[in-house]
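Biologist: Please take me through this model by question and answer, beginning with the sheet.

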Amino acid sequence: MATPSRQYHNLALTGFMGAGKTTVGYFLAEILQFELIDTDKVIEEQQGRRVSEIFAEQGEPAFRAMESKLVVDLGHRRDLIIATGGGLVLDPTNRANLRDTSLVACLWASAETIFERVRHQTHRPLLRGPDPLGRIRHLLESRSPIYREADLLVGVDFRNPPDTARYIAEAFLNARKASPPG
Ligand code: S3P
């Protein structure tokens, strides 16, 4: 849960690939008049190549290091919606750094919903392979305790992105009201 002693300069969206972080982030940015930062997109712009190319050419650890550096950089800024890559919160330091300045909202979707959303997409290196649904189930289960550490867990199987954004925006504004000025 959100804690009164924390600072909520930014709002971070976490959750599995295909849960809708970027889309919900877009609506949240509209509602709160914040800037939307999509960590995958920023890294792609910084590196001049796609996430899939970074995985293939430099390996996943190199990509994770880029994510960690970006989280630190974003911690110096305010009024951001940070739509995180689905694996960014696997690193405990990234989780702690996000919590330092952001309310963390996790979009929770079932493996079946995620599969339906991503089955025709090809840009996610971790879901390439013969059994994407099995891979999603496995990754979701192993990551579930980490995603559940968020301040707010929002089911998105039966909630559309604008409604999800309105719900999170209200929780964010309430958390801010209860937090110390700063
Ligand atoms: C990943 C999620 C992706 C991207 C990379 C790894 C993950 O982001 O960062 O492919 O480990 O879950 P999205 O959640 O935006 O698809």
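Biologist: Over how many bridges do strand 1 and strand 4 pair?

Modeller: The model is predicted, with local features requiring pLDDT of at least 70 and side-chain atom pairs pLDDT 80 or more, while totals for chains, interfaces and linings use all residues. Residues are numbered from 1 along each chain as its sequence is written, and side-chain values use heavy atoms, without hydrogens and water. Helices (H or I, at least four residues) and strands (E, at least two) are DSSP runs numbered from the N terminus, and two strands pair if DSSP finds at least two bridges between them. Strand 1 (residues 10-15) and strand 4 (residues 102-108) run parallel, and the number of bridges between strand 1 and strand 4 is six.

Biologist: Which residue of strand 4 is the bridge partner of Leu13, and how many residues of strand 4 are buried?

Modeller: The bridge partner of Leu13 in strand 4 is Ala105. Buried means under 20% relative accessible area, exposed over 50%, and partly exposed in between (1.4 Å probe, protein chains only). Strand 4 is mostly covered, and of its seven residues the buried ones number six.

Biologist: Which residue is the bridge partner of Trp108 in strand 5?

Modeller: Strand 4 also pairs with strand 5, in the parallel sense and over four bridges. In strand 5, the partner of Trp108 is Gly155.

Biologist: What is the strand order of the open sheet, and which strands stand at its edges?

Modeller: The open sheet has five strands with parallel pairing, in the order 2-3-1-4-5. Neighbouring strands are turned by 20° against each other on average, direction ignored. Each edge strand has a single partner strand, so one side of each lacks a neighbour in the sheet; these are strand 2 (35-38) and strand 5 (152-155).

Biologist: Which residue of strand 3 stands opposite Leu36, and at about what angle does helix 2 run to strand 2?

Modeller: Strand 2 and strand 3 (residues 80-83) pair in the parallel sense over four bridges. The residue of strand 3 opposite Leu36 is Ile81. Helix 2 lies across strand 2 and strand 3. With axes as lines fitted to C-alpha atoms, for helices over the stretch in contact, and angles from 0 to 180 degrees between N-to-C directions, helix 2 runs to strand 2 at about 70°.

Biologist: Why do the buried residues of helix 3 line one face?

Modeller: In helix 3 (residues 51-58), the buried residues are Val51, Ser52, Ile54 and Phe55. Seen down the helix axis, by the directions from the axis to the C-beta atoms, these residues line one face because they fall within an arc of 165°.

Biologist: Which exposed residues does the opposite face of helix 3 carry?

Modeller: The cover over the buried residues of helix 3 includes helix 2 (39-47) and helix 4 (60-74). The face turned away from the buried side carries the exposed residues Ala56 and Glu57.

Biologist: How far apart in space are Glu60 and Leu126?

Modeller: Glu60 belongs to helix 4 and is partly exposed, at 30% relative accessible area. Not counting residues up to four places away in sequence, Glu60 touches Phe55 and Leu126. Glu60 and Leu126 are 66 residues apart in sequence, and their C-alpha to C-alpha distance is 9.7 Å.

Biologist: Which residues have the most contacts inside the largest nonpolar core?

Modeller: A nonpolar core is a set of buried Ala, Val, Leu, Ile, Met, Phe, Trp, Tyr and Cys residues joined through side-chain atoms within 4.5 Å. The largest such core has 56 residues, and those with the most contacts inside it are Leu11, Leu28 and Ile168.

Biologist: What is the centre-to-centre distance of the aromatic pair Phe34 and Phe172?

Modeller: Rings of Phe, Tyr and Trp (its six-membered ring) pair if their centres lie within 6.5 Å; planes under 30 degrees apart count as stacked, over 60 as edge-to-face and the rest as tilted. By this rule there are three aromatic pairs. Phe34 and Phe172 form an edge-to-face pair with 90° between the planes, and the centre-to-centre distance is 5.7 Å.

How values were computed: Contact = heavy atoms within 4.5 Å.
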